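My entries follow in the order of looking.

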Amino acid sequence: ARNALVLGIESSCDETAVALYHTTDGLLGEALHSQIDLHAAYGGVVPELASRDHVRRLPGLLAELSHKTGRTLADVDAVAYTAGPGLVGALLAGASLAAGLAQGADLPLIPVHHMEGHLLAPVLSEPELDFPFVALLVSGGHTMLVACHALGRYELLGQSLDDAAGEAFDKTAQLLGLDYPGGPALAHLAAQGTPGRFTLPRPLTRQRGLDFSFSGLKTAVANQLAKVSDVQDHPDLAADFELAVVETLSTKCRWALEATGMSRLLIAGGVAANTRLRAALQTLCEAQGAHFFVPSAALCTDNASMIAHVGALRLADAQRSGAPVRARWPLSE
Ligand code: KG4
Ligand code: ZN
């Protein structure tokens, strides 16, 4: 459908967000609330608290979005919501609102795959990005390499067998006594150190596989920490950890580009905000003659713009009733 205004709702984890995307005019605006402060004291996302806060925040965010964009619910032509993967209770908060709005105004309802949202988010800031491309999705919940052939045609090349890259950052940061979410804090600490002192593994890089494993790396840091008790060693250790993650991700991206013969690489997800990772992949792409795409930081982390955007692309998949959610949902079925 042309000229449709799509409302997107995101509530899969600890960000509550709503956004409006127009099929021809593009993104109109977004209202977002991060629950980071709510969960900080617990060192991680508490599912029950997350669900309750989504329910509490969504109405206010809708009002804020309306205020920002000058559009009201009466202008909306379809409602897209994150249907999974994610925390079930959190997902249900957004899904219930979506279903209520759609049913009340007799609008089509579009369940969106959260990871497809991440995959296509860069298109919002880099319109020249075209299929096919290799995507590295690195967030607190996921680490995946995906060959994106066309809209809806995604081939999973590899994924983490244990901790996600962001999770490894967060857990390692916790070992170093840094606050949640530890990724940015650890990167900040690493910038004050020099890598090269500590020998840390580059997990699963001995053979050309595209799966990842980061839990051993975290354990290796814990072992090194047990030997160095001085806080002054922490920046160097953080730097070596960051370098190990960056080099591992970079190696796998090179293999993925070589295996698929594709010449575009895209990164998304919260860890894509990491400066060292961006620089390493930029260098890799220059060496491989590939184009490198990184969305703006706001589009890297969880948001509703990416959900409204995929909703607009997938208007044809709209449903008329029900609002299913799925805690687990493979990207390619
Ligand atoms: O995509 P995201 O906002 O939320 C989901 O997990 O879906 O990603 C958050 C993750 C956290 O693990 C956080 O520590 C990590 O991204 N992160 C970073 C950086 N900024 C955020 N990790 C490393 N370096 C960063 N600069
Ligand atoms: Zn996400």
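**Domains.** I looked up the division first: domain 1 takes 5-120 + 303-317 and domain 2 takes 129-297, with bounds from an automatic or database domain assignment. The model is predicted, so local features need pLDDT of at least 70 and side-chain atom pairs count only at pLDDT 80 or more, while totals for chains, interfaces and linings use all residues. Residues are numbered from 1 along each chain as its sequence is written, and chains are lettered from A and ligands numbered from 1 in the order in which they are written.

I find 28 Å between the centres of domain 1 and domain 2, taken over C-alpha atoms. Their contact takes ten residues from domain 1 and 14 residues from domain 2; two residues are in contact if their C-beta atoms, placed from the backbone, lie within 7 Å. On the domain 1 side, α1 (36-40) and α4 (114-120) are the elements that give two or more residues. Helices here are DSSP runs of H or I with at least four residues, strands are runs of E with at least two, and both are numbered from the N terminus. By class, that side of domain 1 has six nonpolar, four polar and no charged residues. I counted Ala, Val, Leu, Ile, Met, Phe, Trp, Tyr, Cys and Pro as nonpolar, Asp, Glu, Lys and Arg as charged, and the others, Gly among them, as polar.

**Annotated sites.** Which residues does UniProt give as "binding site"? The unreviewed entry lists His114, His118 and Asp302. UniProt positions are in the numbering used here, feature names are shortened, and annotations may be inferred rather than shown by experiment. The three span 189 residues in sequence, yet no two of their C-alpha atoms are more than 8.8 Å apart, so they gather at one spot.

I checked His118, which lies in helix α4. His118 counts as buried, with 32 C-beta neighbours inside 10 Å; the cut-offs are 20 or more other C-beta atoms within 10 Å for buried, 12 or fewer for exposed, and partly exposed in between, with C-beta atoms placed from the backbone. Beyond four places in sequence, His118 touches Leu137, Ala268, Gly269 and Met306.

Asp302 is in the loop between α11 (297-300) and α12 (305-313). With 27 C-beta neighbours inside 10 Å, Asp302 is buried. Leaving aside neighbours within four places, its contacts are Glu10, Cys13 and Glu15.

**Helix α2.** I noted a kink of about 35° at Arg57, shortly before Pro59; the bend is the angle between axes fitted to the seven residues ending there and the seven starting there. Buried residues of α2 include Arg57, Leu58 and Leu61. Their cover includes β2 (15-22), β3 (26-34), α1 and α3 (88-105). Gly70 follows α2 and has a positive phi near 70°.

**Backbone.** Where are the cis peptide bonds that I noted? One runs from Gly84 to Pro85, with omega near -10°, and Pro85 is in the loop between β4 (78-84) and α3. Another joins Tyr180 and Pro181, with omega about -5°; Pro181 lies in the loop between α6 (165-175) and α7 (182-190).

I also looked up positive phi in residues other than glycine. Asp106 has about 55° and lies in the loop between α3 and β5 (109-113). With 7 C-beta neighbours inside 10 Å, Asp106 counts as exposed. Leu204 has a phi near 60° and is buried, with 20 other C-beta atoms within 10 Å.
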